[in-house]
Amino acid sequence: MSESGHSQPGMYCPGRRRRRRRGERDVGPPGQNLSGPSRDREYQPRERRDGSEEPPGPLIQKTPIILAKPPAERAKTTQNVAPSGAPVLEKPIMLMKARDDGAKAGTPPEAAAQPPGASKIEREGQRPTQPVYQIQNRGMGSSATSSAVDPLVGQAKLIPPEKMKHSIKLVDEQMNWCDNAMEYLRDQTDMLVVGVIGLQGSGKSTIMSLLSANTPEEDPRAYVFRAQTQEVKERGGNQSTGVDFFITQERVIFLDTQPILSPSILDHLINNDRKLPPEYDLPHTYVEMQSLQIAAFLFTVCHVVIVVQDWFADINIYRFLQTAEMLKPSTPSASHDSSGSSGKEDGAEYYPHIVFLQNKARRDDFCPKNMKDMHMMVDKLMTHSHLKYKGTLSMLDCNIFPGLRSDYFENEVNMFLLPVQETEEDSLNKAGPGAYPLFSLLPGYRGHPTFSSMVSKLRGQILAMPRCQLSHTILTEKNWFHYAARIWDGVKKSSALSEYSRLLS
């Protein structure tokens, strides 16, 4: 009995007997001594594995996080703010514990394994409570921030824009850019830019005033664009210099310009001994280059460019338009605006809509046969041009000639005729010589609608022009102003214009 090891119960102490009972559950070879120190070493890994499941230390470290915020709000904070790395809480230690929980919940380990740098940023940028909540709102959806809009800011957006009473300078007489127009512009994209070019005395400023803010019945001295006075007409001078700016309440920008190829500007340069820029040798070259710079600028920043003529037709104007088109700065056009006026591919270049306005038209000019010949002639002259001179304006759509078909003009271009502006007294006195007193009280035959009616129809056609995208991005009014400033600076420094000026000299 003593050889089996079971006949000596007195050799074991009570503590070892209890451990033996626990070990009897395991299956082992008979006669093995389970009370030795080898049993204790065998079960040490099991004791460490059991003890690691419920340690008291980590629970105490997480206690401040639970007390900092309710569980639901803490989960929302870790979801919206922790991935971006923006500090949200005031205490750095509590912030780091919150980021560790966010990393366990599903954030990448790289975002949660930077405690020293993040705590340093938090200590450097500690701020009061309200800016912290502003950062949280910035990361949340738009529905959460829409309800927190300041009512004063909302009312300021509803205030109508300031109304302009007269035009201001966009480019001054020395061809320098002016920033006065910035205060009248807004951050909205629904706008139309209309420019005008023409010879001296053709009526550019008067037409732009009638299209923008004035009526034919008003005093010409009250027009937003100053027209030539009688004194200026008598000495053969020009009224407009540089580029004038005016914007209406309907967010339509009008750009009035000085006359192209103006003899009065050339006479002023010669008689007043004005110093020319060093890159120009002759005064007439400087005047022509000024005109080309203005035309190239309008071809780049305007949706519509009105070419005003007071007689039909000056071949030099069409040559000038083609030269300005050739020297126009290269600009990207909209992706959806790829069709040109003549049906040719114009690549990435932007070209505006051109309207030929025949001002001070006579009665014979309104004859359908003469108008048909005028359209055919302009179409032949502009055949190789990429300017959009066809398909966006028609006098046949204005009910001016009700007896003509819509396809009467085979080669219809964007042309509009305006008669001579007459006062009421002038129209009553056109009964003709030798008329009876009864018929002398009746107005004479005009052969066209009244001047006021024609201006109203022209305004409707201009405002209905397509508003193509000027650049590769959609521009607001303020963005357009900065874009136009860059274009003007690029036009003045254009290598193509400089080379053309050298060839003229």
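Reader: When I look at a side chain such as that of Ser264, how do I read a polar contact, and what does the side chain of Ser264 make one with?

Author: A polar contact is a pair of N or O atoms within 3.5 Å; within protein, one must be able to donate a hydrogen and the other to accept it, and residues adjacent in sequence count only if both atoms are side-chain atoms. In this structure the side chain of Ser264 makes such a contact with the side chain of Gln200, at 2.9 Å, and a further polar contact, also of 2.9 Å, joins the side chains of Ser264 and Ser262. Before going on, please keep in mind that this is a predicted model, in which local features need pLDDT of at least 70 and side-chain atom pairs count only at pLDDT 80 or more, while totals for chains, interfaces and linings use all residues. Residues are numbered from 1 along each chain as its sequence is written, and side-chain values use heavy atoms, with hydrogens and water left out.

Reader: In which element should I look for Ser264, and is Ser264 buried or exposed?

Author: Helices (H or I, at least four residues) and strands (E, at least two) are DSSP runs, numbered from the N terminus, and Ser264 belongs to helix α14, which covers residues 263-271. For the second part you need the relative accessible area, where buried means under 20%, exposed over 50%, and partly exposed in between (1.4 Å probe, protein chains only). Ser264 has a relative accessibility of 10% and therefore counts as buried.

Reader: How many salt bridges does a search of the whole structure find?

Author: A salt bridge is a side-chain nitrogen of Lys or Arg within 4 Å of a carboxyl oxygen of Asp or Glu, and the search finds eleven of them. One joins Arg467 to Asp190, with the closest N and O atoms 3.0 Å apart. Arg467 sits in the loop between α20 (451-463) and α21 (477-492), whereas Asp190 sits in the loop between β1 (168-171) and β2 (192-198), so the pair ties together parts that are 277 residues apart in sequence. Arg467 is partly exposed, with a relative accessible area of 36%.

Reader: How far apart in helix α22 are Arg502 and Glu499?

Author: They are three residues apart in α22 (residues 495-504), and so about one helical turn separates them. Another salt bridge links Asp407 with Arg405, where the closest N and O atoms are 3.2 Å apart. Here Asp407 is partly exposed, with a relative accessible area of 48%, while Arg405, at 56%, is exposed.

Reader: How should I read a strand, and which residues point each way from β5?

Author: Follow the side chains along the strand and sort them by direction: Val304, Ile306 and Val308 point one way from β5, Val305, Val307 and Gln309 point the other way, and all are buried. Since six of the six residues of β5 (residues 304-309) are buried, this strand is largely enclosed by the rest of the structure.

Reader: In which sense do β2 and β5 pair?

Author: Two strands pair if DSSP finds at least two bridges between them, and β2 and β5 do so in the parallel sense, over five bridges. Within that arrangement, look for Ile197, which stands opposite Val307 of β5. β5 also pairs with β6 in the parallel sense, over six bridges, and the partner of Val304 in β6 is His353.

Reader: How far apart are Asn238 and Gly201 in sequence and in space?

Author: Compare the two separations side by side: Asn238 and Gly201 are 37 residues apart in sequence, and their C-alpha atoms are 7.4 Å apart in space. You will find Asn238 in the loop between α13 and β3 (243-247), and with a relative accessibility of 18% Asn238 counts as buried.
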